[in-house]
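Biologist: I would like to learn how to read aromatic contacts in a model. Please take me through them step by step.

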Amino acid sequence: MLAFPLIAALIYVGSALLVKRASSCGIGVWRTVFVLNWVMAGTFSFLWLAGGTLHMDLLWQPFVVAVLFVLGQMLQLLALDRGDVSVAVPLFGLKVLLVPLATAIIFHEPVHRNLWMSAILSLLGLTFLNRKVQGRPPRNLGITLFGGGLGALSFALVDVLVKEWSPAWGIGRFLPLAIGMGAVLSFGLVPFFKAPLRAIPRPVWHWLIPGGLLMGVQSVLFISTIAVYGGATSANILYSSRGLWSVLGVWLIGHWFANDEQNLGAQVLRWRLIGALFMMAAIALVIV
């Protein structure tokens, strides 16, 4: 169980770099969200084979999750499109604190002290990972903070509700329905497209479709882990390591995706290493 959120975190970085590369071609956030949601719906549809039970009187549950999922997608892709990957992705890790908070407030469930300590360590790690050198401020920091922060809240609520509601449905019914509903809701974005989907240049599809597939695969791994095993807080703490992997990915292979964030100095590396230590400490608390 512990390996799945870590694998999902690594895959997420690849999907974020691909989607960022596609969005840099000017296709716009709304067309990106639309395509990604339909690609992810196709990915999640394979879970239908896992079986489960349909509850027609409870269809509002996957619908609520669908609304929160699409909202989170829009907000976080806005942050990725307008800001730096190495700022936006670590910021998404705020979810690691919001999940135990939402669990405690909505469902009055106790949260183990180690998980709270781990969540706080993760947040400290994300803060250091996000530190920038003077003279190179993050791009569009306000939009990045807005989209990343509210997107993290939306996805935190998704995780908590999936954990609570999906057992009655089974993994093969609740998740495909929720993500499928999210894809249908995406038609509401069509009036905001800057141009039709057919106007997207063919080379851009070579970045966008693989990015969507990877995002779908990592979502299946992560959300399914919560649906089957529970432990939304533990899974999110491990998943928050994507902040570290995103920084390493930008440094090591960012140039493959025409990403210029790898041109950072030794001062940033020092802060990143400190952040990595906090992240590893947080993960160790969960595993132990």
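Biologist: Is Phe34 buried or exposed?

Modeller: First, the ground rules. This is a predicted model, where local features need pLDDT of at least 70, side-chain atom pairs count only at pLDDT 80 or more, and totals for chains, interfaces and linings use all residues. Residues are numbered from 1 along each chain as its sequence is written, and side-chain values use heavy atoms, leaving out hydrogens and water. Buried means under 20% relative accessible area, exposed over 50%, and partly exposed in between (1.4 Å probe, protein chains only). Phe34 has 9%, so Phe34 is buried.

Biologist: How many aromatic pairs are there?

Modeller: Rings of Phe, Tyr and Trp (its six-membered ring) pair if their centres lie within 6.5 Å; planes under 30 degrees apart are stacked, over 60 edge-to-face, and the rest tilted. That rule gives 6 aromatic pairs. In one of them, Phe34 and Phe187 have ring centres 5.3 Å apart and planes at 75 degrees, so they are edge-to-face.

Biologist: Which parts does the pair of Phe34 and Phe187 tie together?

Modeller: Helices (H or I, at least four residues) are DSSP runs, numbered from the N terminus. Phe34 is in helix α2 (residues 29-44) and Phe187 in the loop between α8 (171-185) and α9 (202-229), so the parts tied together are 153 residues apart in sequence. Phe187 is partly exposed, at 46%.

Biologist: Which residues form a cluster through ring pairs?

Modeller: The cluster links Phe34, Trp38, Phe187 and Phe193. Phe193 is buried, at 16% relative accessibility.

Notes. Helices (H or I, at least four residues) and strands (E, at least two) are DSSP runs, numbered from the N terminus.
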